[in-house]
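Please study the sequence and the structure before reading each solution.

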Amino acid sequence: MGKTVLVLGGGAPHCTLMSGALLALHRAGLKFDIVSMAGGGGVIGLLYLSPKSMSPEQALESTVNFGISDLIYSIFPINYKLFNKFGPSAEIFREYWYSLPTVRDAMRQHGKSRAEKLLSDWILLIGAMVCPSDVSYFSAGLCAHVPFIEHLVDFEKLKSIAPDCLVSAYCIEDMRVVSFRKAEITIDHFRASMSFPFIYPPYRIGTKSYLEGAAYQCLPLARLVSEQDVDNIVLIDVMTLNLIWRPRNLWDAYAQSIIVPLVANARNELAMFEYWLDYGTSVRSAEQAAYVNSRRPRLYRVEFSIPEQHRPNMLDWASSNIERMFEIGFNAGRAFADNQNHHMLFH
């Protein structure tokens, strides 16, 4: 019997659609043999697979704390908790700042009330403002490479978990997307997979430099099928046209400039994969054609119904939006599980 693969593609503020849906699938008992991750999906996938000091459920629920309290976000609409200043002086400051008990408590917001989260976010804002920066004209990116992840993910434990996993990144020197496997994934490979151009500088591992895999290929579906013994693919499909909206201001227009090409890539990749499964014998190798003809993989998409009044806010990092996306994701995942309850996915 072939494998069941979970695919988590790119995502930013709306990544809690993924974490909410994945929580519902986890509670429904769906198990995966492989988890394929790219971009923001890597954060959600690793939190689910190998959380530090939390259960998978708690880790997925804690993703709502990636947001900024609404009162602060309405005045300062930047996610200073996830996007930190770049440079050696900033790293020295953060090492000291995060060693303070008050700051460590402010970072742990799971189970806190809204008032407690507001106070915690205010403390973290003070640190973000005081932190120095070495960004200059000659910098290759604005932000430090996701410095918070080591507090959330146990990379050592990841190597011993049951499901296999893949994290993709684009190798500049090799001019192709590469997949890092479970046995080799470290914090360096994760940061390489999250190095979105301009926001983060390319991440160097050995002699190679890497950019975010999702910036080049959001959904490596055809590659998964051709390289793995796959029967079922479960895609939590968050890169949808719902994300494209008329900008409300210049900052929103900048967010749209990032998301529009990512959505276009994801939609094209999904359409090409479905064509590849149904009609693409002429573009397959003989081995791929024989595999597909003998056992056509099934593609299952967890899709989301976003109320129109919330679409313009889907790229906001405000806590209210992050929590709303999580709830929509959870309901979509539960509906998917209910529809598939008697299918082989759950046996």
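**Exercise 1.** In the predicted model, determine the handedness with which α1 passes α2, and describe the contact of the two helices.

*Solution.* 
Step 1. Helix α1 comprises residues 16–28 and helix α2 residues 40–49; their axes come within 10 Å and cross at roughly 30°.
Step 2. Angles under 35 degrees count as roughly parallel. The helices α1 and α2 are therefore roughly parallel to each other.
Step 3. The crossing in which α1 passes α2 is right-handed.
Step 4. On the side of α1, the residues in contact are M18, S19, L22 and H26; on the side of α2, they are G40, G41, I44 and Y48.
Step 5. Sorted by class, the residues of this contact are 4 nonpolar and 4 polar, with no charged residue.

**Exercise 2.** Describe how α1 packs against helix α13, and state the classes of the residues in contact.

*Solution.* 
Step 1. Helix α13 spans residues 319–339, and its axis and that of α1 come within 6 Å, crossing at roughly 35°.
Step 2. The handedness of the crossing of α1 with α13 is right-handed.
Step 3. Residues of α1 that take part include L17, A21, L25 and R27, while those of α13 include I322, F326, G333 and R334.
Step 4. The contact of α1 with α13 contains 13 nonpolar, 5 polar and 2 charged residues.

**Exercise 3.** Is D252 buried or exposed, and which residues does it touch?

*Solution.* 
Step 1. D252 belongs to helix α11, residues 250–278.
Step 2. Buried means under 20% relative accessible area. D252 has a relative accessibility of 7% and therefore counts as buried.
Step 3. Leaving aside residues up to four places away in sequence, D252 touches R246, P247 and P312.

**Exercise 4.** State how many salt bridges are counted, and examine the pair K81 and D121.

*Solution.* 
Step 1. The count comes to 15 salt bridges.
Step 2. In one of them, the side chains of K81 and D121 meet, with an N to O distance of 2.9 Å.
Step 3. This pair links distant parts of the chain: K81 is in the loop between α4 and α5, D121 is in helix α7 (residues 114–130), and the two are 40 residues apart.
Step 4. K81 has a relative accessible area of 13% and is therefore buried. D121 is likewise buried, with a relative accessible area of 1%.

**Exercise 5.** Examine the salt bridges of R191 with E150 and of K208 with D174, and name the residues linked in a network.

*Solution.* 
Step 1. The side chains of R191 and E150 meet in a salt bridge of 3.1 Å, N to O. R191 lies in helix α9 (residues 187–193) and E150 in the loop between α7 and α8, 41 residues apart.
Step 2. R191, at 14% relative accessibility, counts as buried, whereas E150, at 29%, counts as partly exposed.
Step 3. K208 forms a salt bridge with D174, and their closest N and O atoms are 3.1 Å apart. K208 lies in strand β6 and D174 in the loop between β3 and β4, so this pair ties together parts 34 residues apart in sequence.
Step 4. K208 is partly exposed at a relative accessible area of 25%, and D174 counts as partly exposed at 32% relative accessibility.
Step 5. A network of salt bridges links D237, R267, E274, R301 and E303.

Notes. Residues numbered from 1 in each chain as written. Predicted model: local features only at pLDDT ≥ 70, side-chain atom pairs only at ≥ 80, totals over all residues. Heavy atoms only, no water. Axes fitted to C-alpha atoms, helices over the stretch in contact; angles between N-to-C directions. Helix = DSSP H or I, 4+ residues; strand = E, 2+ residues; numbered from the N terminus. Parallel < 35°, antiparallel > 145°, perpendicular 65-115°, else oblique. Left-handed = near helix turned anticlockwise from the far one by under 90°. Contact = heavy atoms within 4.5 Å. Nonpolar A, V, L, I, M, F, W, Y, C, P; charged D, E, K, R; others polar. Buried < 20%, exposed > 50% of the residue type's maximum accessible area, 1.4 Å probe, protein only. Salt bridge = Lys/Arg side-chain N within 4 Å of Asp/Glu carboxyl O.
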